[in-house]
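Hi,

Here is the structure I said I would pass on.

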Amino acid sequence: MKKNRFKKMPVLAATSILVVSTTAPVVGLADTEFDDVPLWNEFAPYIYKLNEQGIIKGYTATNTFRPNDKLTRGQVVIMLGRWLEAQGEKIPTDWDTVQRFNDLPVYAQNEELVKYAALAKDAGVFNGTLGQLLPGQHISREQMAAVLNRVTEVIGGISLIGLAEEIEDIPVVDLDAAIDNYKPAIQALRDLSISTTATGTFNPKGDVTRAHFSKFLYLTIKTIDELLGNETPEEEQEESKELTLDSVVAAGAKKIQITFNQPVDTTKAIFAVTKDNVAQNMVGVTWNEQKTIATLELVNKFVTGQYQVTVSGLTDAVLTSTITTEAEKVASIDILSNQAVLTADGTAATLKYKVYNQYGEDLTNITSLTANVSGLAVHATPNVFASQGTISFKVAENARIGDLAVATLIHTGSGVATSKSVTLADKATVSEIAIKGLYNKDGKTLTETTNLAVDAFYLLVEGKDQYGNEVNSQQLQDLLVTNSNNTVVGLNSVFETITIDNKQVTALKLYGTPKAGETLVMFVSKFNGKNATYTLKVEESQRANTVTFNAPSFVVAGETTFIPMTVLDKDGNAITDLDLIRNPQRGVTISGVTNTIKKNSAGVIGVEIPGNQLTQGFVTLIAITATSQSNVVNLDVKEQAKPTMIRGVKDTVPKVLTENYVLTANDLAVIDQYGRTMGIETTSLTLAASATATSGYRVAVTDNAVSTAIANGGITQYIYASSGATLVKGVNGTESVTLQLEQNINGVWTPVANSTATTLFEVTDGTQYVSYQVDEIGILFDEVGAGKVNSPLYNKNLVVYGVLSSGNKVKLNTSAYSVNAPAYLNYVSGAFNLDGTVSVPYTSESSNLLVADVVITINSTGQQFTKSVTVSKVAPTVSQLKVVATGTNASTMDQFNAAQEVTKLNVTSNATIVNELVDFLVVDSYNVVHTIGSAPSVYLDEIRLVATPAVENTITFNAQNTYNLILSDLQAAEQATISATINGLSKQFTLVGTR
C-alpha cells in the first residue's frame, strides 16, 4: 500500500481545501463570479473554492458554470485529472501517442480530456466500460461514489472505505438499489458525512449535476484533510454579517433605490411601499449584478411627503425605512446647439434642447415650454415653436449664414429659464457615421438557426451632422449602404427608429435566413465621403462532429434493439439535445434500416431499431455527422427467440390452492435457446391459437393421477395463446403437476426434448395451519389530528397468514380472525382508517405521537397476537420527487419507480401555467405515493416553482417561487429552466418556446 501522502505532501497545502467547520466555506464577492451561480446559491461556496484551486472551471464564452447540467463521465475525468496532477501525479509521457480508450483517440480535439483520461486510466481511477470511456454519457451517483473512493486511494494511499472502516454505519435507506460493488463506497460517503440527506437516501441510479459533484468533491478533500490531520493553513473565514439596509433613497421620480450591506437571495425578497398607510403599486424590481442593490419602480410618481419601505423574506424581522420626497419638478433646461441649422427648404432653422427633473431624468418630451427667438437671423414674424426637444423659427428673408439669434426657453410652472446666442448655419447632412453594433432585445447571438421573423436583430447606426448633432432615421436615408454578401444575412433598405432602455436609436433591421459566415457592411456619407464598416458575423451553431456507437454484442431477430451512442461537437463537448442530434443539417443521419434516435429509460441517447427490421444475419448502420464524419457498426443478428424449456411457474402463481386456479401462458417461466426468460429478458412467449394450428408451440399440463389434491385425474390439458389449463382443487395434500413444451411440426404436435418442468402444489381447506403470522402494521397518519382531511391514502391494511407445515403461507380472510383495537383506530373490514370520529387521546397538546396495542385473535384456535401501532399527527414530508407527463397516475412504489421523468417540454401558448404542463409524483414520509396535478396536495407543503431563463429578461414571470408560476412571452427557441422544490428536494426541467 502507498504511504499516506496526504499528511506531509507540500503540494496538498496549496491545492487541498481545508475548512475546519461543519458548514460550507465562506465566499466573498468573487471577481470571477459565474452569471448563473449567485453568491447566495447553496452550492456557490463549493464551486468557487474549487474554481479558485483550478480543479473546476466554467464556460468562458458565456461566463457560466451551468450548475444544473448533468455531469458527464468526460467532465469527471478532467476535474479529477486536475486534482491528481496538482497532487503530484505525473501525466503519462505517451498520453498523445498511446490511445487508452477505444472511443477517445489521441487526436481528439479536446486535448485536456485526452491528457487526463490517460492519467486517470493509468492511475486506476477510471477503467472504462468494455474498453470505452463514454465521455459524453452521464455518470450515475453510484459510479461517482466508486470513482471518488478510487481517486482517494491513489492520492493518499487509503480509500474512503478504509477511512470509514472504524465508523459505525449510518443507514442508507436505498442502498439495496445499488450495484453490489458500489455499495461499500456509497456507505463510506454516508459514514464520512460526505453524502447527507434528510431522508437518508442516496439515489444510486440518479444522475449527478455539476453543482452536486462540486459539493461531493469539496467534502471529500475536506474530510480526508481532517481525518488524516493535515497541517494545512485554515482558510480565513469572514464573520457572518447580519443583513441590514445601508441606504434607502429616492433615485427618480418614481424610483426607490435600496442598498443592502451584502448580497441577498433575490428570489426571497418581498418589497412593499406605503404612503399614509396606503399601499403603492409597483411596476417591478431590478437588481444590480452583485445582488446588493434593488431598484423599485412605482406605478405613480412621488408626491411631496413620506414613504415607508419594508423588506421581508430575508431576515426574521422585517427591514424598514422611511424616505422623504418632493413632487417631480423641472430643475434645468439646456439648449444643446451653438448653431441654428437651416431646414431643407431654407425658410426655417432649428436647434435642440433638453429638460431635466431634480433626479437628472429627461422630461423633454412631456414638458411644455414658452420659447422666444430674436436677432438678425430671425424673421419679423418668427413663428417660434418649441416641442419634443426642437426649437424651430422662421428665418429672415435676407438672413445669411453666421447671422446671430438669441433663443430663450421658459418653464412657467417652475420659473426655470435659459437663453443662448446661436449662429445661423447651413443645412444639416450626415457627416459622421458610427456603427454601435448588433442588437437583439434578448441579448442573443446571431446564429444560423436564428429565426429573424421571430427574433429581431438590428444593426445600430448613429449619424451626426456637420454640427455634431445626432441625425434622425430619415436623414440617414441619404447614406450609401453596401452589403458584401447578402446570402449570409440581408439588411433592410429603410432606416427605422427603435427604443432601447427608454432611448430612441436609429437602426437597420436584418432579414432573411442567416447562413454561417461573415459579410462586410459599409456606410458612406455623400457629404464628405467618410465611411464606417462593420463585419456582420453569423455564428455556426453547435453541430455534431463525431459519433461513437456502443454496439451491443447480442442482438436477436424480431426484438427491438437499442444501440447507445455518444455525439460530440467540434470542441469535444457531448451533445445531449435530441432535437439537435436529429436535425438533418446539424446533427446525425443514420441509414441502413428504419430507426429512431431517442433516449432510453435511463436517459442514454442512442438508436432504437424496431424488431420487425431485424432478421437473422448482419445489419449495417451508417452514421454521418453534420461535419461529414462517419461511423459504421455491424450487428450480428441472432436467430429469433424460441421456447426451449419450461423452468416452472412464476412467483405470482399461488403454490397453495384454496380454490380452482387457471394456468395461462403468463404464469409460466419459459426459457429460450439463449437461456433468457421469455417475457422478462426478451419478447413475450407466444403460443399457438388452438389445437388446430399448423405451427407454433403449446404447453401440456398433466397432474399426478395417484394423488387427489389436484382433482384432474391425470388428464392432460393444454395451454394455448388465449386459453389455459384449470387446476381443480381436491382434498388436502400436495400433488405435482408436469409442464411440457410441444411444437407443431408439419401438423403434428411433438414434445420438445428436455423442456419438462414439475411444480408442486399444496391444497388446503384451512384446517391444517400449524401456526399463524401477522404483518407489522407500522405508523398510521392521523390526518384529522394534523388538521387535514381524512383520506383513504393513509389507511393501513391488517394482513394475517396461516402457515402450513410445508412453510407455505396463506393470507386469511378477515372472517378467520377478530381484532380488538382502540376505537380511535377505527378498524373496519381489515383496514385501519383514522377518520376522526373518535379523537386520538394524545398525552398532551404538544405530543404528536401515540403508541397503541392491537390484539388479533385467531378464531379457530384462540391464539392471540399483539402488535404495537404508532399513531402520528406529524405532517408528511416528501422523500422522493419526479416530474412526469400529465396524466401519469401512480399510487404504488412500483408505479412510481416505473414512471418516466420529463426533462424538456415544448410550449406553444403565450401565457403558460407551468403546473398544467406536467404532473409531480412524490413519495412522502409515510411511504404514500401522491400524484400532484394542477392543484397542490392538501397533505404536503407546496411545491415551489422557480423559472430561470437561458437569457436574462427575455420572459415575463408571474407568481415566481409558488406552485402557480406563469411564464409569458416565451418565444420560439427560447428556453427557461424550471426548478421544482419541496422539502429540500429539487428537480429541473426545461421549457422551450415553439410559437
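The volume of the largest cavity is about 50 Å³. With a cut-off of 30 Å³ or more, the count comes to one cavity.

Do keep in mind that this is a predicted model.

Now for the chain as a whole. There are 995 residues, and a compact globule of that length would have a radius of gyration near 30 Å, whereas this chain has 39 Å. The C-alpha trace spans about 135 × 75 × 70 Å along its principal axes. In secondary structure, I get 11 helices and 62 strands.

What share of the 995 residues is buried? Buried residues make up 44% of them. As for the surface, the chain exposes about 48,200 Å², and 47% of that is supplied by carbon and sulfur atoms. On the contact side, take the pairs of residues at least 6 apart in sequence: 63% of those contacts join residues at least 24 apart.

One is helix α2, which covers residues 44-52. This helix is mostly covered, with eight of its nine residues buried. The buried ones are Ala44, Pro45, Tyr46, Ile47, Tyr48, Lys49, Leu50 and Asn51, so Lys49 counts as buried too, under 20% relative accessible area. In general, an α-helix has 3.6 residues a turn, so residues three or four places apart point the same way. Just after α2 comes Gly54, with a positive phi of about 80°.

The other is Thr408, which sits in strand β15, residues 404-411. Which residues does Thr408 touch, leaving out those up to four places away in sequence? They are Thr370, Ala371, Asn372, Thr418 and Ser419. Of these, Ala371 is 37 residues from Thr408 in sequence, yet their C-alpha atoms are 5.7 Å apart in space.

That is what I have so far. Over to you!

Cheers

Technical notes. Residues are numbered from 1 along each chain as its sequence is written. This is a predicted model: local features need pLDDT of at least 70, side-chain atom pairs count only at pLDDT 80 or more; totals for chains, interfaces and linings use all residues. Side-chain values use heavy atoms; hydrogens and water are left out. On a 1 Å grid over the protein atoms alone, a cavity is a set of points where a 1.4 Å probe fits but cannot get out, and a pocket is an open set with protein on both sides within 12 Å along at least five of seven lines; lining residues have an atom within 4 Å of a point. Grid points are joined across faces, edges and corners, and a volume is the space filled by probe spheres set on the points. Helices (H or I, at least four residues) and strands (E, at least two) are DSSP runs, numbered from the N terminus. The radius of gyration is taken over C-alpha atoms; the globule rule is 2.2 Å times the number of residues to the power 0.38. Buried means under 20% relative accessible area, exposed over 50%, partly exposed in between (1.4 Å probe, protein chains only). Contact means heavy atoms within 4.5 Å. Accessible areas come from the Shrake-Rupley method with a 1.4 Å probe; for residues, only the protein chains shown count as cover.
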